[in-house]
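Please open the structure in your viewer and keep the selection tool at hand. The tour below goes from stop to stop, saying at each one what to select and what is there.

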Amino acid sequence: MAFVQTPPVLGNQFDQDRVLQSFLRRRVPQDVLASMLPSLARMGARTVGDLGAAAAAAYGEEPELVQWDAWGNRIDAIVVPEAWKLFARAAVEEGLIWTAYERASGEYSRLHQFALVYLFAPSSKVYTCPLAMTDGCARTLEVMAEPALRERVLPRLVSRDPRTAWISGQWMTERAGGSDVGLSETVARETPEGWRLWGTKWFTSAVTADVALTLGRPQEAGPGGRGLALFLVETRDAQGRLNGIEVHRLKDKLGTRMVPTAELTLNGTPAIPVAGLSDGVRNITTMLNITRTWNAVCSVASLRRGIALARDFAGRRFAFGAMLDRKPLHVDTLAEMQAEYEAAFHLTFHAVALLGRAETGVITAEETALLRLLQPLAKLTTGRQAVAGASETLEAFGGAGYIEDTGLPEILRDAQVLSIWEGTTNVLALDVLRALARTEALSVFGGEVRRRAEAAVHETALRGPAATAVAAMEHAERWLAAAGQRGAACVEAGARRFALTLGRTLALALLVDHAAWALAHEGDPRPAAAARRFARAGVDLLWAEDLGAEDAALLASDRTG
Ligand code: MFK
């Protein structure tokens with residue numbers, strides 16, 4: 001009989017996730033964890049059950065824009081696949097937003113929510129995008145909206161009833177400014193019926209949303225982000241017609257193909273100011289810090305799904321006289337992937353734990369400074385790991401990884417956006433500098449790295465990686481001081497290497513700390529092995545020299561004449 005390849009098969013993704021389970025056992029009190037377990041086990045089953053099946057069956061299905069009805073009326077209806085509707089229903093039923101706002105688990109509620117999100121994400125065709133924006137909008141309204149607006153909209157955003165639940169968009173990007181949002185050209189005018197917006201939004205994710213947070217510049221307001229105001233738009237009127245919104249076309253994207261992303265024009269769209277009539281950029285960063293956390297969690301989830309598939313397949317695939325999981329070079333590759341994933345997990349879920357503490361009022365001033373730094377660091381560090389990890393996943397399957405209907409190429413296409421949207425690596429590296437400029441965040445950060453590394457002092461196996469983390473931290477501190485002396489251009493040029501070094505260093509320190517705990521309390525040597533491997537993979541990416549002048553020469557025009 002001809003040889004036929006066996007595809008990978010995954011079981012309950014909560015039951016099979018040692019890293020998540022061990023982390024929760026350590027961080028969450030036993031009684032609180034016991035109350036979370038049934039929902040986590042259910043999501044672990046659904047992600048390889050009905051949700052996974054729907055995602056696989058919807059292979060190639062995409063949303064469609066229907067601009068006109070049969071009678072010539074402009075309708076701009078977005079028709080989404082049935083699978084998308086299932087993900088929407090499941091997200092509400094499983095409380096993917098609600099869990100964070102109900103706060104039944106106190107400061108651990110964000111850990112509960114994001115553990116659910118992490119399990120849900122890889123089988124959701126990036127339904128996590130509208131969910132992230134809904135969460136970001138909910139948090140923004142919770143902290144800064146007038147009571148009337150908050151009380152009308154917030155319960156819908158966090159609803160656990162599919163009949164009343166709303167989702168929110170985040171319509172920031174304009175032709176003039178994707179990263180430099182202060183260049184936004186949308187105009188806001190106060191009319192007898194209230195505020196209205198005119199302008200074109202160039203990249204509006206999940207255009208099927210019920211509401212969206214967006215920015216507009218009130219007439220007479222000044223330039224830049226300060227002159228913008230943050231508005232909430234309700235996309236449809238009582239009859240279900242779009243509220244002065246024209247959808248021009250859906251974007252033809254590399255990945256996230258089931259997410260309806262559109263170019264649209266606001267043509268006198270009614271809008272409600274959320275928090276005064278200025279400082280729109282500062283105000284919308286409340287949303288961004290939430291969506292960036294989602295981005296990091298989804299990056300880790302993508303890494304985890306990739307390694308789960310590759311490890312399972314390695315036990316099924318025979319080549320050169322043995323199964324792949326008996327081949328030293330393949331084992332070496334899988335171990336590298338596993339170590340990157342475990343480090344990414346600890347970095348991200350530490351940020352999640354701090355977010356939960358912030359939102360329940362138990363966070364300390366030092367932790368607040370750390371969280372401000374961790375949100376961009378977790379996003380930028382894990383975004384790049386997710387892209388590299390997805391590429392490695394495909395390669396671990398050989399040619400099958402390059403074949404569309406295995407579902408594997410989609411992992412890579414969907415991962416690529418994770419280092420782009422919600423701030424590219426470079427924009428976030430600059431945000432790290434912004435966060436450091438204001439506070440004592442670097443000394444708090446350094447203290448955290450050292451404290452976590454010291455936790456391993458009694459474990460011989462962890463002394464090496466702990467020392468690597470401390471040495472990288474010292475180098476980062478020295479580099480920033482020296483680059484600062486050489487000038488702002490020098491700091492900016494090295495900002496990406498600096499930020500990635502900080503992100504990877506804290507990831508290593510947290511992994512070392514957890515590994516020491518796992519050895520002592522669970523007799524599990526695997527996190528320590530991950531820490532040793534991650535330390536060797538490279539955490540310190542900084543250079544001593546300043547190559548600015550050489551770079552200018554390197555990039556001088558190739559044109560002759
Ligand atoms: C898997 C799920 C993922 C989620 C999917 C969602 C899909 C949605 C798709 C999209 O919408 S992608 C578009 C996302 N766009 C961005 O992420 C924008 C990227 N650009 C930036 O983040 C820039 O850094 C920024 C626009 C914020 C810079 O603008 P400015 O005008 O140069 O900022 P400036 O003057 O430095 O900062 C303005 C204020 O905000 C300052 O405070 P003050 O007014 O008190 O001085 C800053 O300190 C503050 N600020 C800036 N970033 C902050 C922040 N505060 C807290 N946290 C931050 N991150």
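The model is a predicted one, in which local features need pLDDT of at least 70 and side-chain atom pairs count only at pLDDT 80 or more, whereas totals for chains, interfaces and linings use all residues. Residues are numbered from 1 along each chain as its sequence is written, and side-chain values use heavy atoms, with hydrogens and water left out.

**First stop: the domains**

Colour the protein by its three parts, which are domain 1 (18-138 + 284-419), domain 2 (169-278) and domain 3 (440-553); these bounds come from an automatic or database domain assignment. Taken over C-alpha atoms, the centres of domain 2 and domain 3 are 40 Å apart.

**Second stop: the ligand**

Which residues come nearest to the ligand? Of the 26 residues around it, they are Gln170, Ser179, Arg292, Arg434 and Arg438. The shell around the ligand receives residues from both domain 1 and domain 2, so the ligand lies between them.

Now show the helices α7 (128-144), α9 (280-314) and α13 (425-438), each of which supplies at least two residues of this shell. The most comes from α9, which gives 8 residues. Sorted by class, the shell has 9 nonpolar, 9 polar and 8 charged residues, with Ala, Val, Leu, Ile, Met, Phe, Trp, Tyr, Cys and Pro counted as nonpolar, Asp, Glu, Lys and Arg as charged, and the others, Gly among them, as polar.

For the atoms themselves, select Arg372, where an N or O atom of the side chain is 3.4 Å from a nitrogen atom of the ligand, and then Asp431, where an N or O atom of the side chain is 3.3 Å from a nitrogen atom of the ligand. At Gly423, a polar backbone atom is 3.2 Å from an oxygen atom of the ligand. On its own the ligand has 1200 Å² of accessible area, and the protein covers 83% of that; such areas come from the Shrake-Rupley method with a 1.4 Å probe, and for residues only the protein chains shown count as cover.

**Third stop: the aromatic rings**

Show the side chains of Phe, Tyr and Trp, whose rings (for Trp, the six-membered one) pair if their centres lie within 6.5 Å, as stacked with planes under 30 degrees apart, edge-to-face over 60 and tilted for the rest. The structure holds 11 aromatic pairs. In one of them, Tyr118 and Phe345 have ring centres 5.6 Å apart and planes at 75 degrees, so this pair is edge-to-face. Tyr118 lies in helix α6 (residues 109-120) and Phe345 in helix α10 (residues 328-359), so the pair ties together parts that are 227 residues apart in sequence.

Are these two residues buried or exposed? Tyr118 counts as buried at 2% relative accessibility, and Phe345 likewise counts as buried at 0%, where buried means under 20% relative accessible area, exposed over 50% and partly exposed in between (1.4 Å probe, protein chains only).

Move on to Phe313 and Phe397, whose ring centres are 4.4 Å apart with planes at 25 degrees, so this pair is stacked. Finally, select Phe23, Tyr118, Tyr341, Phe345 and Phe349, which form one aromatic cluster.

Terms used:
Near = heavy atom within 4 Å. Polar contact = N/O pair within 3.5 Å; in protein donor to acceptor, adjacent residues only side chain to side chain. Helix = DSSP H or I, 4+ residues; strand = E, 2+ residues; numbered from the N terminus.
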